[in-house]
Each structure stands twice: as structure tokens, then as C-alpha cells.
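Work through the side-chain contacts of the protein shown below. Each exercise comes with a stepwise solution.

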Amino acid sequence: MGSPKKNQNTGFFAAMSSGLSLFSNAMHRSVNGMLGHEGVEVINPEGGQEDAVEEAQRGRWRQEDRDSYWKMMQKYIGSDITSMVTLPVIIFEPMTMLQKMAELMEYCDLLDKADECEDPYLRMVYATSWAISVYYAYQRTWKPFNPILGETYEMVNHGGITFISEQVSHHPPMSAGHAENEHFTYDVTSKLKTKFLGNSVDVYPVGRTRVTLKRDGVVLDLVPPPTKVNNLIFGRTWVDSPGEMILTNLTTGDKVVLLFQACGWFGANRYEVDGYVYNAAEEPKILMTGKWNESMSYQPCDIDGEPLPGSELKEVWHVADVPENDVHQYTYFAHKINSFDTAPKKLLASDSRLRPDRFALEKGDMSRAGTEKTSLEERQRAEKKTREAKGHQFMPRWFDITDEVSSTPWGELEIYQYNNKYAEHRAAVESSGSVDEVDVQSIEFSPWQYGNLSAE
């Protein structure tokens with residue numbers, strides 16, 4: 001459904017092809033078997049004419065680190081490396097996956113507009129633009145920290161929302177999140193799956209994302225495209241997300257299908273997104289076009305996908321201003337996520353902001369960050385060993401596992417459901433009256449005191 005069914009050879013997006021083979025269209029300048037490293041492929045999205053060795057030696061790595069890391073990682077080629085490999089701190093950003101989930105809330109005002117919108121198709125435009133908006137942040141090439149089992153992230157003071165996420169499983173690594181304001185609720189269960197390919201990694205978003213618009217009770221289901229991270233070790237690291245994004249209105253049957261174009265020769269088509277809003281009868285109603293790192297626009301169309309006479313292309317979303325020369329390419333909102341300004345009163349000691357490795361990396365202390373990361377990982381293994389010896393099973397505190405198993409394009413997924421206990425917790429904190437001022441940065445990170453234990 002990447003383009004209208006009728007008159008396939010004409011129309012606004014006649015060049016689109018929903019039959020795109022994922023990742024096979026990366027027609028960039030490539031170099032194989034270079035520097036004696038068998039199987040290495042270096043891809044330059046700009047199609048530059050630099051010498052192959054010169055291009056491969058660009059990036060964040062020193063030559064000796066590059067060679068050492070390649071020797072360590074080449075045995076994992078073809079494997080899912082989501083949590084099986086101990087990775088060096090140099091490739092991390094000072095944020096966890098739980099915080100990364102919250103980045104989708106930067107432009108949550110688009111969901112507010114979707115809830116208020118009377119036009120069912122324009123509603124889908126707003127909601128889809130919200131889903132696309134986070135990809136500007138997703139182009140960062142640093143890896144977030146894997147959360148510790150029981151770790152959480154809380155956020156308030158943004159768009160009237162309350163956000164909570166929790167690491168609900170360690171093997172496989174799974175996270176659950178919930179956000180809510182007067183216009184919508186957002187619920188996600190996430191279990192990333194990866195495939196390491198030597199100098200690149202494919203990331204498959206095994207997960208389920210649901211948004212409920214409160215005014216009419218409309219339920220939206222989002223299936224994002226996969227992502228490919230290129231030049232992990234050799235060359236300049238960059239990100240592409242070729243494939244389809246599908247947003248389905250489970251209440252009415254309306255649907256949006258957008259094609260994220262693969263980066264072509266000399267960067268052609270990079271960032272471009274095109275597609276349509278369809279009604280339940282699979283007829284195109286609105287065309288959408290733009291770049292996921294810049295802006296999205298829409299225009300009403302006819303049955304063949306052509307713009308309606310007299311209509312205009314209107315912008316619905318544009319990326320906000322960002323800091324210049326930020327060391328981790330953070331947006332202002334990413335800094336806000338790490339800030340204690342968005343933390344609620346009586347912040348949970350399991351919150352990601354309090355992780356000593358994350359905090360050290362944020363302050364630029366790479367050595368301490370590595371030491372603290374190793375210490376947390378060792379503590380987690382010790383806690384698991386103790387828990388298993390006592391016959392206890394970890395149970396998340398804010399989310400409950402359900403009997404539902406959802407099928408995704410990349411595998412099946414057990415679904416976790418928000419249990420409303422966090423709302424009760426926050427209400428109790430707020431009703432307790434004044435809270436003594438404390439230095440939240442002095443709170444010791446401790447995800448192990450939270451969660452529930454039950455006998456197996």
C-alpha cells in the first residue's frame with residue numbers, strides 16, 4: 001500500500017516502491033576487504049572520492065582502538081548483540097534506553113492536535129508526523145546504556161504529560177513505557193533485536209506502540225521501519241531507516257503508509273519520507289511528504305494520489321532549533337530529559353538520571369564512566385545469582401505481564417500492561433503536602449530495592 005492501487009504508473013509518488021528490499025538499496029560508495037580486515041565494508045553516504053583507507057580511518061576511533069575492537073567483535077558477525085557483548089564506553093551517549101523512549105514525547109503537542117481534530121484523515125497526519133518527529137534524534141550515532149533490571153525513568157513538566165518507563169526483563173532485554181495527559185495515553189512494550197554485520201548493525205524494532213486519543217477513544221497502532229547503523233568501527237558512523245512506517249487506526253480501519261527512502265548514490269533520497277493516508281477502503285485521501293530530519297507536509301489528493309486542484313502543500317511539523325556543535329548531537333529536549341528539572345518530587349532511586357556511569361559520561365569523565373558501568377553490570381549479575389538461589393522471580397512494579405503475545409514483522413512479543421500503580425504512587429506523593437528539599441543528585445542509584453519478588 002506504498003502507493004495508490006489505481007494508475008500505478010502515474011501520480012505524485014509514482015517512483016515509490018513498497019516492495020523495497022530492506023537494506024539492499026544502500027547504493028553508496030563501498031570498499032570491501034580493506035586494511036587486511038576481511039569482510040569489512042565501509043559506506044560513505046556522501047559518495048565521496050576519498051581514498052578508501054582515508055575514509056575508513058575517519059570517525060571517533062583511534063587506529064589502535066579500531067583494530068582491537070574489530071578483533072573482539074568479528075566473532076559476533078551474524079549475531080544479535082543487544083545485550084550479549086560488553087561494549088566500550090566510547091560508543092555510548094549519557095542516556096539509557098528508558099530515556100530514549102521518552103524522546104518520542106518532544107512533539108507530543110501533535111497528539112494533542114490529533115485528539116482535537118474533527119477530520120479523521122488529518123488526525124492521522126498529525127499522529128504520523130508525531131511518530132516521524134523522533135527520527136531526528138534517532139540519527140545520533142551513540143548507543144544508549146542498557147537499563148538495569150528494575151531501572152525506571154520518570155518525566156513531568158513537559159506538555160502536561162506524566163511519563164514512566166521501566167526495564168521489565170533482562171534476558172531478553174525488554175522495556176515498557178506509559179505516558180498520559182488530558183488528550184492521549186501512550187503505551188509501549190519494546191524488545192529490540194539486532195544483527196551485527198561486521199562494520200554495521202541492523203536494528204529491528206520488535207515492539208508494540210499504541211496511542212489512545214481520549215476524546216473519541218480512537219486507538220492507533222504504530223509499526224516503525226527497521227534501522228541500519230553504518231560504519232560502526234571503520235569510517236564515519238551514520239544511520240538510515242529504509243522501509244515502511246505504518247500507522248493504523250484500529251477503531252476505523254484508516255491507515256497511513258509511509259516509505260522511508262533508502263540513501264542512494266551521493267546521498268540521494270537520504271532522509272526522504274513519502275506516502276499516503278488511506279481510508280478503510282484503501283483509497284488515498286491525503287498525501288504526505290518531507291524529510292524525517294527536517295519537516296513533514298501534507299496535501300489532499302484524489303483517488304489516483306494526485307493533489308486536488310486548488311489545494312496546497314501545508315507543513316505540519318518542523319524540527320525545532322538545536323544546540324550548535326553539541327558533543328553528542330543532543331537536542332534541547334534531550335538535555336531536558338537528562339535534567340532534574342523534568343524529575344518529579346521524590347524521584348525514585350531507580351531513575352536513569354541517577355546512574356553513576358551515565359552521570360560520569362555526561363560530565364566527560366570517560367574513565368570513571370567505564371568503571372561505574374562495569375560495577376553496575378557486576379552488581380546486576382550478583383543480584384540475579386542471589387535471586388535465583390532463593391527461588392525468586394523478578395516482577396516489575398509499574399507494569400504487569402499479560403497473556404497477550406503480539407506478532408511483529410520481526411518476531412513475537414510478550415505484552416506488558418501499565419497497571420496504574422504509578423499514578424497512585426504520584427497521587428500519594430502529591431497529597432502528602434510539602435516535601436523536604438533534597439539534593440536529588442545525592443540519591444544513590446538503586447534499582448534493586450524496587451520491583452516485586454515472587455516464589456517461582
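The exercises below treat a predicted model.

**Exercise 1.** Find the salt bridge partner of R140, and state where the two residues lie.

*Solution.* 
- Step 1. R140 pairs with E103. Their closest N and O atoms are 2.7 Å apart.
- Step 2. R140 sits in the loop between α6 (135–138) and β4 (143–145). E103 sits in the loop between α3 (97–102) and α4 (109–116).
- Step 3. The pair therefore ties together parts that are 37 residues apart in sequence.

**Exercise 2.** Which parts of the chain does the bridge between R208 and E404 tie together?

*Solution.* 
- Step 1. R208 and E404 form a salt bridge, with the closest N and O atoms 2.7 Å apart.
- Step 2. R208 lies in strand β11 and E404 in strand β22 (residues 399–408), so the linked parts are 196 residues apart in sequence.
- Step 3. R208 counts as buried because its relative accessibility is 15%, under the 20% cut-off.
- Step 4. E404 counts as partly exposed because its relative accessibility is 39%.

**Exercise 3.** Which residues do salt bridges with shared partners join into one network, and how many salt bridges are there?

*Solution.* 
- Step 1. E93, K100, E103 and R140 are joined into one network.
- Step 2. The count of salt bridges comes to 21.

**Exercise 4.** How many disulfides does the structure hold? Classify C108 and C263 as buried or exposed.

*Solution.* 
- Step 1. The structure holds 0 disulfides.
- Step 2. C108 has 3% relative accessibility, so C108 is buried.
- Step 3. C263 has a relative accessible area of 0%, so C263 is buried.

**Exercise 5.** How many aromatic pairs are there, and which residues form one aromatic cluster?

*Solution.* 
- Step 1. The count is 12 aromatic pairs.
- Step 2. One aromatic cluster is formed by Y135, Y138, F260, Y271 and W292.

Definitions and conventions:
Residues are numbered from 1 along each chain as its sequence is written. This is a predicted model: local features need pLDDT of at least 70, side-chain atom pairs count only at pLDDT 80 or more; totals for chains, interfaces and linings use all residues. Side-chain values use heavy atoms; hydrogens and water are left out. Rings of Phe, Tyr and Trp (its six-membered ring) pair if their centres lie within 6.5 Å; planes under 30 degrees apart count as stacked, over 60 as edge-to-face and the rest as tilted. A disulfide is a pair of cysteine sulfur atoms within 2.5 Å. Buried means under 20% relative accessible area, exposed over 50%, partly exposed in between (1.4 Å probe, protein chains only). A salt bridge is a side-chain nitrogen of Lys or Arg within 4 Å of a carboxyl oxygen of Asp or Glu. Helices (H or I, at least four residues) and strands (E, at least two) are DSSP runs, numbered from the N terminus.
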